[in-house]
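Okay, everyone, thanks for coming. Let me put today's model up on the screen, and then I'll talk you through a few pieces of it.

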Amino acid sequence: MQQSYDVVVIGGGVVGSAIARELSRWRLRIAVLEKESDVCTQTSGRNTGMLHAGFLYKTGSLKAICAVEGNQEFDAVAQELDVPFKRTGKLIVGFTDEHRQRLEHFMARGEANGVKGLELIDRKRMDELEPSAGGNFAMWCPASGILDPFAYTIALAENAVRNGVEYFLNCAFLGEERQPDGTHLLRTEKGDFRTRWVVNSAGLHSAEVSARLGIPGYVIKPVKGEYFVLDKLAGQFARIPVYPAPNPDNTFDTHATPTVDGNVLIGPDSQLARDDQDYESTQAAMDGLIESGSRMFQHMEKSYFIRNFAGIRPKRVDPATGTVQDFVLETRDEAPGVVNLVGIESPGLTSALPLARRAVALIRAKEELVPNPGFDPRRKGIRRFIDMSDGEREAAIAANPDYGEIFCRCEQVTKAEILQAIHNPLGVHTVNGVKVRTRATMGRCQGGYCETRITEALQQELGLDCRDIELGPAGSWMFTGSVKGGGEA
Amino acid sequence: MTRTFTCIVCPNGCEITAEYDGARVGAITGATCPKGEDYVRQELTDPRRTIATSVPVDGGGLPLVSVRLNRPIPKKDIFRVMEAVNAVRLQAPVSIGQVVLADVCGLGADVIVTKNVPRA
Amino acid sequence: MNLEYHQAVIIGGGPAGLAAAIRLREKGVEDVVVLEREGQTGGILRQCIHDGFGLTRFGESLSGPEYAQRFVDEAQRLGIPCLTDTTVLRLDADRTVTASGPAGLRHIRGDAVLLTMGCRERTRGALAIPGSRPAGIWTAGVAQEYINLRNRMVGREVVILGSGDIGMIMARRLTLEGAHVKGVYEVQPYPSGLPRNIEQCLNDYSIPLHLSHTVTDIHGRARLEGVTISRVDERFRPIPGTEERVDCDTLILSVGLIPAGDIANGSGLAVDGRTRGAFVDEHYQTSIPGVFAAGNVLHVHDLVDFVSLEAEALADAAAEYLRNGALPPCPLAVRAGDNVGHVLPQHISGTRDFTLSLRVSRPLKKATLTVRQNGREVLRRVLAKALPAEMLQLSVKAERLDTSGDLEVSVS
């Protein structure tokens, strides 16, 4: 199998999907290669879900410029793509004089970067904003916000698909061969792809892919962070994200962040990942999070624990000094037809669209692009029963009785939503695919009630044998076959 | 020789001790009801159990219907009985008490349906 | 908004809800409605196909579906309306229940509202077990539903964490259906399920039970590949150097049940941190007048027989409440003392007989249970043994009580 494209994007995370979506404004044949079974299963989906304001990064850096730009436009983006988003603001809290000095430093830097509304506030004002926050004083950053990183990545990808982009899932990039005509032949798990342009947005693997595409020398340090997810009952105490004063190396320790859905995230810590799949929770890190999380959030109680997860930030470091470097976004003469993005970590979620526009601009600098007349920037997500008023629910059920049937009792997800998720535009057919599109199984019973219903629906809707149902990644089978009456694997 | 048993007749789970010389059952202590003594006597000479499983049912609203034995069978025959039950397939409707396999494996117990599955 | 009224609205059509509905009818309460989220009533018993139910209630050993059917049949004979496929979304403090079904939303206000929703299972996340998150990890009840109701086999090589009754019962089920159960691991130094289940579910099938052990790591990215087991010290901390890897493709968790009263979260209903169910008085009335709770939504029982009996006692009180518009006040508190995990009811009148339910917090042999009021012994009972796995129930006579002074229940 060999297919020809104008642009192939390697990596379907939030940045790759944003680039695909921005490219689809132009008349191009575009493919996205994603090695996992869904978009947003790696770095893009494993983070705090924070829309950063941009006060942390060195003035003039790509991180600072893209974060500020991405932050300021996000109300419109969220509306256009139907992504849950709240501009909550954020408290960066301090306990000591040294903390105060650092907060003053970042306030000055933020103002230089163009972040609006920063102010230093005392405990009294903190109590008005968020009484559960720890700390004696704080920097208040009203521009910060929270979003659902799954929903955002999926929205970008679905909008890209709507505008003609093709996604290939479970399709790892294996290698590139430059053809005599200057085009690229990409070897993948699902056959060969011929393309004029390649975009490297491979996240954790961006240095490796960069080298394969002819730009060696980058070094990625995978930094793992673990989290606790707390019950929505804890969410009543957390309206605003609370961060500690940044460390001298511009990193944050454990913070407490509400999610758009009302849970609370405690984390991340910071440790060197063993490898690119090191998403295991560890006892040492959990113990550390319980201790450090309690300083940021006064309700870090065991009865609120519902889930743990971990993410890995692909930090680009100077090979000589080990210091963390800015995002790379480049084209190089020695690697024609390659748009290279390396080391896109935090604030990558906030910066995805600004980076994507700049990536498209690099292509337009080399060739003229023709607008795609059918491009539609809007995308609607699955309408959530839990967000509807009783009147809207009545109407939804009258139009579609499946909206009256609750599949997930904790998150009140209906059969109608589950079925829409099963028939998603990307063709993701896993239990986790349904989870990240609907929130089913994300509540306090963790699928105890709804998982059996979801697997049954996947089987029926897609005509699958139960042995073919997978939880998430390729090979994550759930059933060996029937208990009785044949069908044994 | 004395042996100690946890009675399984009821949820009390009495701990019962019995004297046993390999042929004759002696003194039994610890049972809070006569059923416990009977259980231990049986357990020493011929341990028996009931089992519950399911069989596929066609034409009903459920893929499976639950079944159980209506009286205990020798413990050593459990997997032989499972094999016999695994060969059964039913057609809805079925109802509680219906005999699926009479005198299963010649052991004197019937496999009976424990759930109503009407025709879908 | 179209508001329906009923004398009694019962949330949950399992063994508690059906027993309460039937008893209410018998007590002359005509206008009773049962709301059930599944397509049929019977609750969790529909998947509990093993026998051993009904010994107390019916004097014979039945399977779960048979036990449930007796109540389903009786409710049907009495013509009690059971609204199936109806999921309650919330309960408000004015006793209005909002429910959803394919026919639309319903807003139903009851003069009395009975909470009989049962319980849910504690999860891996609640325990914060370290490791990866592959497929092949289920709570025992979910595995039971797959195997007994949905005809799907969940794995071949199985490890079970927790010696709760459902876990042990699933150890036997999985074995009978051809899986290899490699062992049951329990963090406590004693089993959390009933002794007879250790005997007939584990010992009968040579499945080892390892006390004072727990899972300290989970391996595998796509499907479970193995777990690390460690021995724990007396404070449940893993002992370094005792780690042992056990290869398996399935991990079943039987690590506790939690009352599933979530729909009342927005109603202001007061919840006991020990039982994680509602605070109730001797009439099973919660902190909201006219709202009652019984069965596993109130406190987790080990036997369904006692769930039904408790729901019937609730129905007796609710019938009186509906008849008189109120119940005698219950100003006296009942407290858990030494070696008592929790105690119910938490409030009593001091003027009536009541049923005391409790669990001990550790296993005791030749124990003495004492109920004291104002320093005086109200009741004393000598127990051959007392296990946390076994709920104790005893009746306390009003003639032994003062009308003032809190009660303390202790075991030593």
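So, to start: among contacts in chain B between residues at least 6 apart in sequence, what percentage join residues at least 24 apart? It's 48%, where a contact means that two C-beta atoms, placed from the backbone, lie within 7 Å.

Quick housekeeping. This is a predicted model, so local features need pLDDT of at least 70 and side-chain atom pairs count only at pLDDT 80 or more, while totals for chains, interfaces and linings use all residues. Residues are numbered from 1 along each chain as its sequence is written, and chains are lettered from A and ligands numbered from 1 in the order in which they are written.

Staying with chain B: it has 2 helices and 10 strands, and from the N terminus they go β-β-β-α-β-β-β-β-α-β-β-β. Those are DSSP runs numbered from the N terminus, helices being H or I with at least four residues and strands E with at least two. The C-alpha trace of chain B spans about 55 × 25 × 15 Å along its principal axes. Its radius of gyration is 18 Å, whereas a compact globule of 120 residues would be near 14 Å; that's over C-alpha atoms, and the globule rule is 2.2 Å times the number of residues to the power 0.38. Of the 120 residues in chain B, 33% are buried, meaning 20 or more other C-beta atoms, placed from the backbone, within 10 Å of a residue's own.

Now, where chain B meets chain C. The contact takes 24 residues from chain B and 22 residues from chain C. On the chain B side, β5 (52-58) and β6 (64-69) are the elements giving two or more residues, and β5(B) gives the most, with 4 residues. That side divides into 12 nonpolar, 8 polar and 4 charged. Here Ala, Val, Leu, Ile, Met, Phe, Trp, Tyr, Cys and Pro count as nonpolar, Asp, Glu, Lys and Arg as charged, and the others, Gly among them, as polar.

Over in chain C, have a look at helix α7 (residues 304-324). How far apart are its end C-alpha atoms? They're 30 Å apart, which agrees with the 30 Å that its 21 residues should span at 1.5 Å a residue, taking 1.5 Å times one less than the number of residues. The buried residues of α7(C), including Leu309(C), Leu314(C) and Tyr321(C), pack against β1 (3-11), α1 (15-26), β3 (51-53), α2 (64-77), β8 (104-115) and β19 (291-293) of chain C. After α7(C) comes Gly325(C), with a positive phi near 80 degrees.

Notes: A residue is buried if 20 or more other C-beta atoms lie within 10 Å of its own, exposed if 12 or fewer, and partly exposed in between; C-beta atoms are placed from the backbone.
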